[in-house]
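User: I'd like to learn how to read a sheet and a helix pair in a model like this one. Can you walk me through it?
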Amino acid sequence: MLHSSHEPIVALATSSGKGALAVIRLSGTDTIELVNQLFKGKDLTLQPSHSLHFGTLIHEDQVLDEVLVALFRAPKSFTKEESVEISCHGSMYIVQNIMQALIGLGARLANPGEFTQRAFLNGRFDLVQAEAVADLIAADTALAHQTALQQMRAGFSSELQHLREKLIHLGALLELELDFSEEDVAFVDRQSLTNLVQSLRTEISTLIQSFEKGNVIKNGLPIAIVGKPNAGKSTLLNTLLQEDRAIVSHIAGTTRDVIEAEKNIGGICCRFIDTAGLRKHTSDEIELIGIAKARSQMQQAALILYVFDLQTESLSSIQNTLDELANLDVPCIKIGNKLDVAPVELGTALTQKDFLLLSAKEPKQIAKIEQRIMQLFDLNNLDSATIVVNVRHYESLVKANDTLLKVLQGLSQSLSTEWLTLEIKHALTYLGEITGKITTEDLLDEIFSKFCIGK
Ligand SMILES: Nc1nc2c(ncn2[C@@H]2O[C@H](COP(=O)(O)OP(=O)(O)O)[C@@H](O)[C@H]2O)c(=O)[nH]1
Ligand SMILES: [Mg+2]
């Protein structure tokens, strides 16, 4: 097991650059004493935890700044170590002078993430929660913030803990069988074992599937707007953004480059990408490059808004395009545009093909698209669900699930108890990796504490 060193570390906690205030943070042994050597006011070493003090920092007879100092005594701090936060004026010149003075007195410049790392090593929280701290800082939409906060409060961890306990129990029972192998007793009925592993896999699969959503919440959603020239793609982009972002004209081939803009929809950062219209016959070299770019955006997007011009297209030409789209791996929302001038029969026919019919010029009708996006990614009821946002967690869950599949196959082939025990241990390791627990020890502890058989 790793242990944290307690040597005093120091870092600027606010972003560097000009601001009204800056906060310098210290953590480690005797950091209050360290700051006290610069502090003129009261004796900080005599002050209680969670108290705030005004004074002047002086180093080698030079006044550094007037500051507010907050004190945290171990273990009642973020890192569980003695910690100090100095609020000074937000000039980088002042910040550098104060940091240099503190380093001169024995503090070390902190490594990236070292405060959070210490918090983890000192047992403040598990790895999932430590990682959530980073997500919380990076969150720039309400949903991303909410998800990170939930993880920091151990939402995901408690779900994992529950899965692990079930598995540990299973492993312990099998170990017990091994101990009595000569007597040929089976403590675990193979059918109920199979059922248990299956139900575990269902739970883990739900978590794995939530990653798609988690990824959307964390990284946003790239959405490509594609279709033939003049279908109204740029108009749609402008109405979505409520600003004149792209040039709209009746001349086909106006948009040649890729135009991107972001919009927050239901807490998700949607990145809309307007592209050149797809057409087969054009001699314009630049437009051709634009069309190639549009095709590659289509492949990379998380979602395609395919815009059809109901004024000029026939049902059969629309059907041709739909046949081409069927080969695409990316989900697609089909939009029938220019409803205001569309033939009624065409509209009726397309409604049956799951089209959204609208006028891209009409802001009110755009809400239909936003609702469909929320539906498609199931983003309406996220409050109670546990969502995996971290790739590392996702990968470990996939490995655990694959291993449990092997266990199921082993069970159906009546493989040995030794083999089953080993694979269950592997699955436990993968789950344990997520929160940073050591799992093999857990397994042993469980056997000896609960199933003490006096050997
Ligand atoms: N009647 C009508 N015209 C539209 C609508 N949306 C776009 N247009 C017109 O269609 C033409 C092409 O629009 P544009 O957005 O540039 O199409 P793009 O080539 O797909 O980007 C322009 O003259 C728009 O004013 C609509 O909902 N109704
Ligand atoms: Mg355009």
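User: Which residue of β6 does Leu-68 stand opposite?

Analyst: Strands of a sheet pair through backbone hydrogen bonds, either parallel or antiparallel. Here, in this predicted model, Leu-68 stands opposite Ser-87 in β6. Strand β5 (residues 62-72) is joined to β6 by 5 bridges, and the two run antiparallel. Two strands count as paired if DSSP finds at least two bridges between them; strands are DSSP runs (E, at least two residues) and helices are too (H or I, at least four), numbered from the N terminus.

Some housekeeping: residues are numbered from 1 along each chain as its sequence is written, while chains are lettered from A and ligands numbered from 1 in the order written. As the model is predicted, local features need pLDDT of at least 70 and side-chain atom pairs count only at pLDDT 80 or more, whereas totals for chains, interfaces and linings use all residues.

User: What does helix α2 touch on the sheet?

Analyst: α2 (residues 92-104) packs on the sheet and touches β1, β2, β4 (51-59), β5, β6 and β7. Contact means C-beta atoms, placed from the backbone, within 7 Å. The direction of α2 makes about 70° with that of β5; axes are lines fitted to C-alpha atoms, for helices over the stretch in contact, and angles run from 0 to 180 degrees between N-to-C directions.

User: What is the strand order of the sheet?

Analyst: It's an open sheet of 7 strands, ordered β3-β4-β5-β6-β2-β1-β7, with mixed pairing. β3 (39-40) and β7 (108-109) are at the edges with a single partner strand each, so one side of each has no neighbour in the sheet.

User: How does β2 pair with β1 and with β6?

Analyst: β2 pairs with β6 (residues 83-89) in the antiparallel sense over 7 bridges, and Ala-22 stands opposite Cys-88 there. With β1 (residues 9-12), β2 is also antiparallel, over 4 bridges, and Ile-9 faces Ser-27 in β2.

Key:
Contact = placed C-beta atoms within 7 Å.
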